[in-house]
Amino acid sequence: MIDNAEGRLAALVQRQRARLARFFGQHAPDKSEVPDLVQDVFLKLTKTEMPEAFENEASYVISVARSVLTDHHRRRRVRYAGEHGEMVDDIVDMGPPIDHVLDNRAMAQRVRAALLDLPERTRDVFALKTLQGMRMADVADALNVSLSTAEKHHARALAHLAARLTDYRR
């Protein structure tokens, strides 16, 4: 059953997908990453409170897209920097605090339960894209579906997870 926030997000995805694809097509350094960047916008929107109505929906979505693009450029710059500082050998790794470990385990169990609620195809698309880091075009090829179908399944999975994990948002 789709709740109100999940339904609003799904409708937003349908209305704004083409606009975002055009935006990223003009601004992304690698055009093959456009579908992934579009999905990243919707992923970011799942982590925020969806307003009942937007004063200017297009401007809001493009501002989120600019943020995603900035994050993407930063990740690329770090990934390809090539030079890293020397590691200090005498730093002792104490590991994460136990409360973080327990919180992460509880979250992992909730995510697993939410994923098991999804139809198999939707779960497969989510796993390949989000958990294995595949590009959306490669996910579509691997599952023998159209890019649009893969994107829709991924958006459904994100919306479902957002709805099921609302109490864990920070």
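**Salt bridges and helices**

Modeller: Arg164 has a relative accessibility of 33%, so this residue counts as partly exposed, where buried means under 20% relative accessible area, exposed over 50%, and partly exposed in between, with a 1.4 Å probe and protein chains only. This is a predicted model, in which local features need pLDDT of at least 70 and side-chain atom pairs count only at pLDDT 80 or more, while totals for chains, interfaces and linings use all residues. Residues are numbered from 1 along each chain as its sequence is written, and side-chain values use heavy atoms, with hydrogens and water left out.

Biologist: Which residue does Arg164 form a salt bridge with?
Modeller: The partner is Asp117, and the closest N and O atoms are 1.9 Å apart; a salt bridge here is a side-chain nitrogen of Lys or Arg within 4 Å of a carboxyl oxygen of Asp or Glu. The pair links distant parts of the chain, as Arg164 lies in helix α7 (residues 147-164) and Asp117 in the loop between α4 (98-116) and α5 (120-131), 47 residues apart.

Biologist: And is Asp117 buried or exposed, or partly exposed?
Modeller: Asp117 counts as partly exposed, because its relative accessibility is 47%.

Biologist: How many salt bridges does the structure hold?
Modeller: There are 7 salt bridges in the structure. One of them joins Arg15 to Glu57, with 2.5 Å between the closest N and O atoms. Arg15 belongs to helix α1 (residues 4-27) and Glu57 to helix α3 (residues 57-79), so that pair, too, links distant parts of the chain, 42 residues apart. Glu57 counts as buried because its relative accessibility is 16%, whereas Arg15, with a relative accessible area of 46%, is partly exposed.

Biologist: New topic: how many helices and strands are there?
Modeller: The chain has 7 helices and 0 strands, where helices (H or I, at least four residues) and strands (E, at least two) are DSSP runs numbered from the N terminus.

Biologist: What about α2, how far apart are its end C-alpha atoms?
Modeller: They are 19 Å apart, which agrees with the 18 Å that the 13 residues of helix α2 (residues 34-46) should span at 1.5 Å a residue, the expected span being 1.5 Å times one less than the number of residues.

Biologist: Is α2 mostly covered or mostly open?
Modeller: Mostly covered, since 10 of its 13 residues are buried, among them Val34, Leu37 and Phe42. For the chain as a whole, 34% of the 170 residues count as buried.
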